[in-house]
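Please examine the sequence and the structure shown below. The paragraphs that follow lead through them step by step.

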Amino acid sequence: MAFPQEFINILPAAERDALLAALETEPEVSIRFNCKSADAQNLVLESLECRADGRVQWMDGAVYLDHRPQFTMDPLLHQGCYYVQEASSMFLAQALKKCVSGPVRALDLCAAPGGKSTLLAQLLPEGSLLISNEIQRGRAQILAENMVKWGRPGVVVTCNTPKQIGESSLMFDLIAVDAPCSGEGMFRKDEVAVRDWSLKNVEMCAARQREIIEDIWPALKAGGYLIYSTCTFNRQEDEDNVRWIMDKLGAQAIDLDPDPKWNIAGSLTDDNIPVSHFMQHRTRGEGFFLCLLRKPE
C-alpha cells in the first residue's frame, strides 16, 4: 500500500519503519462477549466457526479470532450475544476503572455505531444513566438498534449536536468523546482513509475536535471526567489537542498506568502528557489514542 509521503514524514522517527511495515499486514479481528459464562462464549465461537486466538488483555470477556467470519450471517450477533469491536478501542475500560466507582450520569457524545456505548452500558455500575448520542439521524437509528440488541437498562439514544447538549441543563459525571478524525489508525483496514488523508484534513479535524470539546464542556460537572479519543497518530489531533484542553479549559490529564506488558506507547511528543497510543506494531489492534482528563472543581 502506498502511503502519502506527508503522512510518513509526521510519524515519529523511532516508530516509523516498524509502524509502516505493520500497516501492510492483515488487521486483527476481535469481539466482546455480552455474557460471562464460558459455555455461552464457546457457543458464540462455534456459531462463528472460529477459534479464540488470545484474549484482549485490557478488557475482560473479549478475544481475538483466528479469522474474520461473515458476522452478518450469524444470528447470535443479531441477538446481541457479542459485539464486533476493535481491541484497541476497548481500552476505554481502563479509563472507566480510574474514574467510576458508583452510579454516574454518562454521555457518549459521538456514539454510532455503538462499540463504546455497549461497552459503557456493560461496565457502568447499576443505577447509572447513559446517554448515547449521534448527530447524524441515520447513524443514530443504527446506534439505537445496537443498544436495543445489547439489552442493558438505563440507556437513552439521542440525536443532537454537541452545542445543543452543552447549552441544555443536562450535566454529566462522565463524557466520552471519540472524536471524528483523519483516520490514520484505520489505514490498513480502510483504503478510502488513505486516499482522503492530507495535512489540510488533519488541520480541519483538529480544529473540529476542539470545537466539539468546547461546545460540550459546559455539560461536564465540576470534578467530572472527559475521555478524549481518536484513531490517529498525529500530534495535532492527539497531544496538541489534549494540551489545548488543559491550557484553555483547565483540565488535568490523569495517568492510567497501563500494564507495561501491553506495550502501549505514551506521548509521542516532547510534552510528557499521560496519554495512550496504540500502534499496530506494538499492540494487537488498530491505531488508537486515548487520554482521560478531569474538569477542575
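In this predicted model, Leu-124 is in contact with Leu-96, Val-100, Val-104, Ala-106, Leu-130 and Leu-174, when its neighbours within four places in sequence are left aside. Leu-124 also belongs to the largest nonpolar core, which has 39 residues. Trp-58, Leu-124, Leu-174 and Ile-227 are the residues with the most contacts inside this core. Two or more residues come from each of β3, α5 (92-99), α6 (115-123), α7 (137-150), β8 (172-178), β9 (220-230) and β12 (288-294). Of these elements, α5 gives the most, with five residues. In soluble globular proteins, nonpolar side chains tend to be buried together.

The next element to consider is strand β1, residues 30-33, which is covered on both faces. Ser-30 and Arg-32 are buried on one side, and Ile-31 and Phe-33 are buried on the other. Strand β1 has two pairing partners to follow. With strand β3 (residues 62-65), β1 pairs in the antiparallel sense over three bridges, and Ser-30 stands opposite Tyr-64 there. With strand β4 (residues 82-84), β1 likewise forms an antiparallel pair over three bridges, in which Tyr-82 is the bridge partner of Phe-33.

The loop between β1 and α3 (38-48) contains Asn-34. Is Asn-34 buried or exposed? Its relative accessible area is 18%, and residues under 20% count as buried, so Asn-34 is buried. The side chain of Asn-34 has a polar atom 2.8 Å from the backbone oxygen of Gly-80, and it makes a polar contact of 2.6 Å with the side chain of Arg-152. Beyond its neighbours within four places in sequence, Asn-34 is in contact with Gly-80, Cys-81, Tyr-82, Trp-150 and Arg-152.

The cysteines remain to be considered. A disulfide is a covalent bond between the sulfur atoms of two cysteines. How many disulfides does the model have? The count comes to zero. For Cys-205, the closest cysteine sulfur is that of Cys-181, and because the distance is 6.6 Å, the two are too far apart for a bond. Cys-205 counts as buried, at 11% relative accessibility. Cys-291 is in no disulfide either, as the nearest cysteine sulfur, in Cys-99, is 12 Å away. Cys-291 is also buried, with a relative accessible area of 0%.

Notes
Residues numbered from 1 in each chain as written. Predicted model: local features only at pLDDT ≥ 70, side-chain atom pairs only at ≥ 80, totals over all residues. Heavy atoms only, no water. Buried < 20%, exposed > 50% of the residue type's maximum accessible area, 1.4 Å probe, protein only. Helix = DSSP H or I, 4+ residues; strand = E, 2+ residues; numbered from the N terminus. Pairing = 2+ DSSP bridges. Polar contact = N/O pair within 3.5 Å; in protein donor to acceptor, adjacent residues only side chain to side chain. Contact = heavy atoms within 4.5 Å. Core = buried A, V, L, I, M, F, W, Y, C linked by side-chain atoms within 4.5 Å. Disulfide = S-S within 2.5 Å.
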